[in-house]
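Work through the exercises below with the model at hand, and compare each step with the solution that follows it.

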Amino acid sequence: MKIFTTVLVFLALALIVFNITLLDFQHPFQGDSAVAFIGIAASFCAVLILLIFRMSKKIEEKMNDKL
């Protein structure tokens, strides 16, 4: 599961970088730039969710070790 979440985090980070390249800084909320902002926000949320999931699995493992 650790490898799977790591791969997904890297894919989400790659999507963030890709969407940053699509931004038009002259007109940031028109056309493809709006889609790029949405993609960046969605990828950022995905990274946060995956990191929270990984931390919860570590906590679960520590709790099982104490029992």
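**Exercise 1.** Determine where phenylalanine 53 is placed and which surface patch includes it.

*Solution.* Phenylalanine 53 has its place in helix α2, helices being DSSP runs of H or I with at least four residues, numbered from the N terminus. The model is a predicted one, in which local features need pLDDT of at least 70 and side-chain atom pairs count only at pLDDT 80 or more, while totals for chains, interfaces and linings use all residues. Residues are numbered from 1 along each chain as its sequence is written, and side-chain values use heavy atoms, without hydrogens and water. Phenylalanine 53 counts as partly exposed because its relative accessibility is 32% (buried is under 20%, exposed over 50%, partly exposed in between, with a 1.4 Å probe and protein chains only). Together with Met1 and Phe4, Phe53 forms a nonpolar surface patch with about 340 Å² of accessible area (patch residues have over 30% relative accessible area and no salt bridge, and nonpolar side chains are joined within 5 Å).

**Exercise 2.** Classify the pair formed by the rings of phenylalanine 29 and phenylalanine 37.

*Solution.* One aromatic pair is counted, ring centres having to lie within 6.5 Å. Since the ring centres of phenylalanine 29 and phenylalanine 37 are 5.3 Å apart and the planes stand at 25°, the pair is stacked (under 30 degrees; over 60 is edge-to-face and the rest tilted). Phenylalanine 29 is exposed at 69% relative accessibility, whereas phenylalanine 37 is partly exposed at 34%.

Technical notes. Rings of Phe, Tyr and Trp (its six-membered ring) pair if their centres lie within 6.5 Å; planes under 30 degrees apart count as stacked, over 60 as edge-to-face and the rest as tilted. Patches are made of residues with over 30% relative accessible area and no salt bridge: like charges are joined within 9 Å, nonpolar side chains (Val, Leu, Ile, Met, Phe, Trp, Tyr) within 5 Å. Accessible areas come from the Shrake-Rupley method with a 1.4 Å probe; for residues, only the protein chains shown count as cover. A salt bridge is a side-chain nitrogen of Lys or Arg within 4 Å of a carboxyl oxygen of Asp or Glu. Helices (H or I, at least four residues) and strands (E, at least two) are DSSP runs, numbered from the N terminus.
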